[in-house]
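Keep the picture open as you read.

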Amino acid sequence: MHEPAGRQSATDQQAVRFGVLGPVAAWAGGEPLALKGLRHRAVLARLIVARRRVVPVSRLVADLWEEPPAGTVGAVQTFVADLRRVLEPSRPPRTPSRLLVTDGPGYALLATDVDAWEFESLVADRIPAALALWRGPAYAEFASEPWAAAERSRLAELRLRAVENLAASRLAAGAAAQAVPDLDAHVTEHPWREEGWRLLALALYQSGRQADALAVLRRARAMLADQLGLDPGPRLRRLEADVLAQDPRLDPPGCGRVPPRCTTAPWPSVRGPGWSRRSACCARSPSPGAFGRHRNTGSPPSPPPRSSAIRR
């Protein structure tokens, strides 16, 4: 494949938008275009995968048919002609196409407006806008096609990283509770991603749900062991230890927890069962369950009185 010699004007290039983050589609002026049958969409998708490079007709034939019957070259030419009529309805007869061009032994789609390309341009700095472009799995109707496999896998990995990066940015902004629902769905759909489990557990912990955070980490450990025979990676193991230790480094931004030996109104050195140092710091008015449950009665214990334990 090579770059075609001809180029389309900027106005014509931007008239049609192509979508592959979901079922393959095209729009003109915001209205969907009728791309006819599955083979037509396969030709279009295959040319989008090529990113403006020429795809030989022989390659298109090999990609579209496992065992090409007689007349497949003519069929490809028919598909291309049909697509040109849809994509450039105002093109005068017998004039060369400026969008789906013929070049040497094959064809090239000189597109500039493709949702997958826009996603890649946005994902570094504008993650929510980038993720909003997805309508479903990339190249959805061609999930089993070898020619689409590498691009589908690449885009899917970029999307999963974007979901995790968005969650991490929410945690850094102190919006842990907001990150929990999306992370829960993320690990349910992609259970082998340890970073997703780690972020979910951290979000739960920073939302004051220490027991749920530990349950998530142990569910991840059991799943990895049962399904893959693996132990959790070092980041998951470290987080579990830090949660058990209520490490101050896990506190949400702005918590401002003081060390145990502080000079302003320290908490007593002897605390009741289930007392959480983190709850004492970060929850000015602790919510129900913030102090844990008493292991014998099942009821939340009261914090110990300050005056009786503080002597200096």
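In this predicted model, the cover over the buried residues of helix H5 includes strand S1, helix H2, helix H6 and helix H7. And which residues of H5 are buried? They are Asp115, Ala116, Trp117, Phe119 and Leu122.

Here is where those covering pieces sit:

| Element covering H5 | Residues |
|---|---|
| Strand S1 | 16–19 |
| Helix H2 | 38–49 |
| Helix H6 | 127–131 |
| Helix H7 | 146–172 |

In soluble globular proteins, nonpolar side chains tend to be buried together. The largest nonpolar core here has 52 residues, and Phe18, Leu44, Ile48, Leu87, Leu109 and Tyr139 touch the most other members.

Next, a hairpin. Strands S5 and S6 pair in the antiparallel sense over four bridges, and threonine 102 stands opposite tyrosine 107 in S6. Two residues lie between the strands, and glycine 104 takes a positive phi near 60 degrees in this hairpin.

Finally, the surface. Trp192, Leu228 and Leu230 form a nonpolar patch there, with about 310 Å² of accessible area together. Tryptophan 192 sits in the loop between helix H8 and helix H9. Is Trp192 buried or partly exposed? Its relative accessible area is 46%, so tryptophan 192 counts as partly exposed.

Methods:
Residues numbered from 1 in each chain as written. Predicted model: local features only at pLDDT ≥ 70, side-chain atom pairs only at ≥ 80, totals over all residues. Heavy atoms only, no water. Pairing = 2+ DSSP bridges. Buried < 20%, exposed > 50% of the residue type's maximum accessible area, 1.4 Å probe, protein only. Contact = heavy atoms within 4.5 Å. Patch = residues over 30% accessible without salt bridge, like charges linked within 9 Å, V, L, I, M, F, W, Y side chains within 5 Å. Areas by Shrake-Rupley, 256 points an atom, 1.4 Å probe, with all protein chains shown as cover. Salt bridge = Lys/Arg side-chain N within 4 Å of Asp/Glu carboxyl O. Core = buried A, V, L, I, M, F, W, Y, C linked by side-chain atoms within 4.5 Å.
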